[in-house]
Amino acid sequence: MNLKNAQKDVDNWIKNHGVRYFNELTNMAQLTEEVGEVARIIARRYGEQSEKESDKNKDLGEELADVMFVVLCLANQTGVDLQDAFDKKLDLKTKRDHDRHHNNEKLK
């Protein structure tokens with residue numbers, strides 16, 4: 001899967017099952033909600049908070065996929081080519097941070 005195809009898949013799903021995109025502000029609120037669900041799992045499963053019995057069956061992958069779905073919706077409705085944006089960002093980070101992390105004493 002590449003991001004361009006993922007954007008097309010989400011757009012097709014919206015057209016066939018979702019009636020229309022929620023507006024950008026609603027999707028931003030949904031994204032915040034979904035990121036919060038990911039944070040809850042991470043904080044309890046990998047952090048110092050204890051995990052409630054009711055949270056033990058939560059699927060981190062499913063919650064991360066929810067985040068991706070809403071990000072893809074936002075990209076589609078705002079005209080962002082995520083594949084292009086991601087490729088540019090990875091290139092920038094590679095050039096900018098090539099030695100930075102290798103030289104970070106905190107990571108050794």
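This report describes the helix packing and overall dimensions of a predicted model.

**Overall architecture**

The secondary structure of the protein comprises four helices and zero strands, so that, read from the N terminus, its elements follow the order α-α-α-α. The radius of gyration is 17 Å, whereas a compact globule of 108 residues would have a value near 13 Å. Of the 108 residues, 24% are buried, and among contacts with a separation of 6 or more, 65% are between residues 24 or more positions apart.

**Helix packing**

Two packed helices are described by the angle between their axes and the distance between the axes.

| Helix pair | Angle between axes | Distance between axes |
|---|---|---|
| H2 (residues 24-45) and H3 (residues 60-78) | about 160 degrees | 9 Å |
| H1 (residues 3-18) and H3 | about 85 degrees | 9 Å |

Helices H2 and H3 pack at an angle of about 160 degrees, and because angles over 145 degrees count as roughly antiparallel, H2 is roughly antiparallel to H3. The crossing in which H2 passes H3 is left-handed. On the H2 side, the residues that meet H3 include Asn27, Leu31, Val35, Val38 and Ile42, while the H3 residues that they meet as a group include Leu64, Val67, Val70, Val71 and Leu74. By class, the residues of this contact of H2 with H3 are 13 nonpolar, four polar and six charged.

Helices H1 and H3 pack at an angle of about 85 degrees, and because the range from 65 to 115 degrees counts as roughly perpendicular, H1 is roughly perpendicular to H3. In this contact, Leu3, Ala6, Gln7, Val10, Asp11, Trp13 and Ile14 of H1 meet Phe69, Leu72, Cys73, Ala75 and Asn76 of H3, and the residues taking part are nine nonpolar, two polar and one charged. Cys73 is among the H3 residues that meet H1, and Cys73 is also listed among those that meet H2.

**Asn27 at the contact of H2 with H3**

Asn27 lies in helix H2 and belongs to the set of H2 residues that meet H3. With a relative accessible area of 2%, Asn27 is buried, because buried means under 20% relative accessible area.

Notes: Residues are numbered from 1 along each chain as its sequence is written. This is a predicted model: local features need pLDDT of at least 70, side-chain atom pairs count only at pLDDT 80 or more; totals for chains, interfaces and linings use all residues. Side-chain values use heavy atoms; hydrogens and water are left out. Axes are lines fitted to C-alpha atoms, for helices over the stretch in contact, and angles run from 0 to 180 degrees between N-to-C directions. Helices (H or I, at least four residues) and strands (E, at least two) are DSSP runs, numbered from the N terminus. Angles under 35 degrees count as roughly parallel, over 145 as roughly antiparallel, 65 to 115 as roughly perpendicular and the rest as oblique. A crossing is left-handed if the near helix is turned anticlockwise from the far one by less than a right angle, and right-handed if clockwise. Contact means heavy atoms within 4.5 Å. Ala, Val, Leu, Ile, Met, Phe, Trp, Tyr, Cys and Pro count as nonpolar, Asp, Glu, Lys and Arg as charged, and the others, Gly among them, as polar. The radius of gyration is taken over C-alpha atoms; the globule rule is 2.2 Å times the number of residues to the power 0.38. Buried means under 20% relative accessible area, exposed over 50%, partly exposed in between (1.4 Å probe, protein chains only).
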